[in-house]
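Please read it alongside the sequence and the coordinates.

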Amino acid sequence: MTGSAGASVNSFDLTGPLPFGTTVLEASAGTGKTYAIVGLAARYVAEGIAEISDILLVTFSKFATRELRERTRARFTELAAALADPDAARSSGDELAAHLASTADADVVVRRRLLRALSEFDASTIATTHSFCQRMLDGLGVAGEPEPGSVFVESVDDIVVDVVDDAYLRRYSRLSETPPVPPKDARAVGRAAVADRRATLGPDAPEGTTAGDRVALAREVRNETERRKRLAGIRDYDDLLSLLHDVLIDPQHGEAACRRIRDRFPVVLVDEFQDTDPLQWEILRRTFHGHGGVLVLVGDPKQAIYAFRGAEVTSYLDAVGVADHRLALTTNRRSDEDVVRSLAHLYEGAALGADEIVVTDVSAAQRARRLVGPPGTADPMRLRVLPRTGCGPLGRSGFPSAPRIRERIARDVAEQIVTLLTSGVTVEGAPVGPGDVAVLVRTKSQAETVRSALDAAAVPSVLTGGADVFGTPAAAEWLRVLEAVEQPHRADVVRRAALTPLLGWTAARLDAEGDAATSELSARFRELASVAERVGFAAMVESLTGTTEFLSRVLGRERGERESTDLTHVAQLLDREFPGAGHGIASLTRWLADRVADPTLGTASDRSRRLDSDADAVQVATVHSAKGLEYPVVFVPFAWAATGAFDLQTLLHHEDGRRILDVGGDSAPGYAARRRLHDDEAAGEELRLLYVALTRARSQVVVWWAPSAITRTGPLHRLLFGRLPGVAAPERACRVPSDDAALTQLTAWADGRVSVEAVGAPATSRLDPRGGAGTPEPLAAAVFDRTLDHAWHRTSYTALTAGAHQAHGPTADAEVDESEDPGVVDEPAGPAVVAETGSAEESALASPMNGLPAGAAFGTLVHDVLEFVDTSAPDLDAELDARCRDAASRLGADLDPAHLARALGAVLRTPLGFGTLAEVGPADRLSELDFELPLGGGDRADRRCASVHDIADLVTRHLPADDVLGEYPSHLRRLDDRELRGYLTGSIDSVIRVHGADNGEPSFVVVDYKTNRIVAGDLTVDHFTTEAMATEMISAHYPLQALLYSVALHRFLRWRLPGYRPEVHFGGVQYHFVRGMAGPETPPGRGVFAWHPSAALVTDLSDLVSGGAA
């Protein structure tokens, strides 16, 4: 909990009174922050306080946003399903479902609200802070977009590097002596100043001194980068925050902007609030705090570990001070009760970096142990104590070197994992596998140390979460190859490239073949350079790897999957960069060299190392990447020593409430005092990082303590040996006891709640891949022996009737792998027949579309207008006119928009049998319902699927003889008898919901718009009689389209409509021949072709095309 400032703290009850005003909801690890915030969102909707579109849910990463969206949708679905039976829900173990079921009309009113929210879920706003800012800027129009046309980029590192180089040359190129700031330092401080642009640069030192020059250079780089960004028309994440903040504090328009955003989102729920920076909090505070709405801030300050990204736990503490209410989540839903107790014994109310951030006790929902095994293997918390001996020679400090200790502990980690996997330990009744284990470390180099030890013990492992592929050996290997392609005349360069895994030469072969090898390699690299220049980088890679047996060589080596994954990943990034490199291989080589030298340079897009295997493997991850995750068993091997949180080229600390970025270096006066401030803040974050690591465990956590010269400030050591009675904060540094004293003190401290174990001599444990004793079976490449279903494809009505369309109108694309495109091939450019003179009554009502063009382009225009027209507009004619003018302009149509608007006004007002299109509100009309329906096939190539002629047979059995389309099956049999295998894709023009009389059940009608002329010349409505339209329908195979659309609607309603019955809810199909729709005076049976295939036909056809029997 935090300290005493602000409102008093009460335990949070998800079924208690809903929070209003500003509420800080403080969590602890495993207490269900996301569960709580999703539950609150469900209650605000279910209890009628807000619609789903009124709620803003904010979190702080794209991954967390995806998870929050998925969990919110799933929770709404669970609750809606539970409320279908309120009695069962009231007695269920779901507290929220039971609470909602206890309200009146839970199965009707409450459930309907949840179902409506699910149907409108795409209107919800679940976003990162930066995405929220972008949306608000877009919504505020000109006031929120002072620089229209700006392009968003994730990083401006490339600009910063150029700015630093230019500034450095401008300052120091004329100096005869050594510049006071080395180039490497200049780049470090310049990048730091831009990355943390809201921090105050320090120290205050006069220019002309080394510290003053560094500060001046950093300030110049920061300002010049902003100037070049504006000139280039780009912006990054921080710009989004700054732009919105500037709008909100604008003296003239700021309050109106705040009010507009506040009115848009009366309920705001913020997850992971401890990771907020001051500007983000200021935006939230200014917009939503103190205005009578709902602002719930959910966070755990004990997990505030992103100071290096600009997040400040002080923002959380400020929010606590102004909040109307403070609530706490006090039940751990992740860890077993024994694990919770062991961690409580370790922390005992410790303060983690600030007096207000204290670890408090929580209860455990999971009472029983889920990890069961022989004695000593399944204890909830194990503390392994390493002696000074056994890690190499002792240094002058009396300790082994830290790298040697880490290597020894990594071997012990591997031994303990082998023991765990082979001793019969089970988790939730199943044997523990490698995938149940995680090893959490602080740095990527520590991760590689652990992985090397696991490899030596034959334990499968994968590195997860955030490692940069440019920091791997694969990037360096590619750099050697590119250097050889660029300089094939240099013997040393080409021979060095030959030794990379990409070419696979050995040193022995190079030595044996001598100059001949050099000549062969030079010729090969010249050839590769020519391929890259003529065809492209991807072709060069294919030429290189295809002739060197790359995959078979690399995959046959230890950790070959990891190596091949990284090499392929780097190649793909190089291929993406190659067109923009500017000067071919030379520029690409320099681009890669910069990133190998500094892997953090440039944008982060697609640079995280990919998972090399999805096999059951130990997860090796940094603590930062593991945040938010959980594992049955967690190993934390290196918490005995602190790891520097920041680059010592710069220091980060706070002074008088200001965030200070100290770029002056160690020569500046007062450096030691500022370094202590920096170290103190970093030490607090180390304690919080340890808290995050230990609390990832569900059933067991294993930690190591080791004596070393850097142990005295380590977070675990401070918790174990640096606690004074009555003092919450551990001592900043404490003495390292002797080996015997450490073991004695730790055993006494454990008091049976933590298992203390002395690390013995190293063993040579290896994991048998088969889980038992004996020699592993030889590996063999997998053989693909399944027959592929080459006939499996995406098809559509257009593809199935391609031949008929060629005969009926313009040439259609006969490819079967296509999407439905309304108005392109199914509406002919001219009439199918020419009417005889006098075929229609002279006095018949003329078509309002006489004088308008025909063809696919006109059909597309009409579809566009009818899709987007708002029939609820106060002035429908003005709305139509605006839509027609906009569509005609966008599509380049050469016609009179006013004429088209008048004609479509008549269409909208033509009687349909249940009203008119003009009377159908937007809520009852679903335009352009895209579908992708699974058909048969794909599993077995020899399995026969339904064909077009099978559909004809089915229609014959179901269609009455006197049906207006009764002769259609014979026409359908003239089409090619193509099997329906794969997916059927298409788009229904409109689905209309028709409300039943006296609140009866609604029905749903498929509507398709047709602009067919039917006959040449001027038209009247009598040219569009039911018989004439039926003839046109059959000629163009529209009945097949109508049946396939009916199947799509049937499946849509089956999934979306509770209590769906096709005989009640399926309302048939209507084809609107718009040239025959002349308004209210249109006689019945003109222009609107209504057909109602039986529910049995639709359901049987759905089963048939899914692979059922004909």
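pLDDT is the predictor's confidence in each residue, on a scale from 0 to 100. A contact, as used below, means heavy atoms within 4.5 Å. The model is predicted; the mean pLDDT of the protein chain is 88, and 91% of its residues reach 70 or more. Two stretches call for caution. For residues 771-775, pLDDT stays under 50, and the model has three contacts beyond four places in sequence for them. Residues 807-825 also have a pLDDT below 50, although this stretch has 50 contacts in the model beyond near neighbours in sequence. Where pLDDT is low, the predicted coordinates should not be read in detail.

**Domain layout**

The domain assignment divides the protein chain as follows.

| Domain | Residues |
|---|---|
| domain 1 | 10-145 + 240-329 |
| domain 2 | 155-235 |
| domain 3 | 364-467 + 614-758 |
| domain 4 | 469-597 |
| domain 5 | 849-909 |
| domain 6 | 922-1109 |

**The interface of domain 2 and domain 3**

The C-alpha centres of domain 2 and domain 3 lie 37 Å apart. Contact between them involves 16 residues of domain 2 and 14 residues of domain 3. About 1200 Å² is buried between domain 2 and domain 3, with carbon and sulfur atoms giving 58% of that area.

Which polar features span this interface? Nine residue pairs are in polar contact across the interface of domain 2 and domain 3, both residues of each pair being at pLDDT 80 or more. The elements giving two or more residues to the side of domain 2 that touches domain 3 are α8 (183-195), β6 (200-202) and α9 (210-232). By residue class, this side of domain 2 comprises ten nonpolar, three polar and three charged residues. The count of salt bridges between domain 2 and domain 3 is one. The side chains of D196 and R659 form a salt bridge, with an N to O distance of 2.8 Å. Side chains of opposite charge can pair when their charged atoms come close.

**Salt bridges and local backbone features**

The structure holds 72 salt bridges. One of them joins R75 and E78, whose closest N and O atoms are 3.2 Å apart. Because R75 and E78 are three residues apart in helix α2 (residues 62-82), about one helical turn separates them.

G202 and P203 are joined by a cis peptide bond, with omega at about 5°; P203 is placed in the loop between β6 and α9. D656, a residue other than glycine, has a positive phi near 55°. The loop that holds D656 runs between β21 (651-655) and β22 (658-662).

Note on methods. Residues are numbered from 1 along each chain as its sequence is written. Side-chain values use heavy atoms; hydrogens and water are left out. Domain bounds come from an automatic or database domain assignment. Buried area is the accessible area (1.4 Å probe) that two parts lose on being put together, summed over both. A salt bridge is a side-chain nitrogen of Lys or Arg within 4 Å of a carboxyl oxygen of Asp or Glu. A polar contact is a pair of N or O atoms within 3.5 Å; within protein, one must be able to donate a hydrogen and the other to accept it, and residues adjacent in sequence count only if both atoms are side-chain atoms. Helices (H or I, at least four residues) and strands (E, at least two) are DSSP runs, numbered from the N terminus. Ala, Val, Leu, Ile, Met, Phe, Trp, Tyr, Cys and Pro count as nonpolar, Asp, Glu, Lys and Arg as charged, and the others, Gly among them, as polar.
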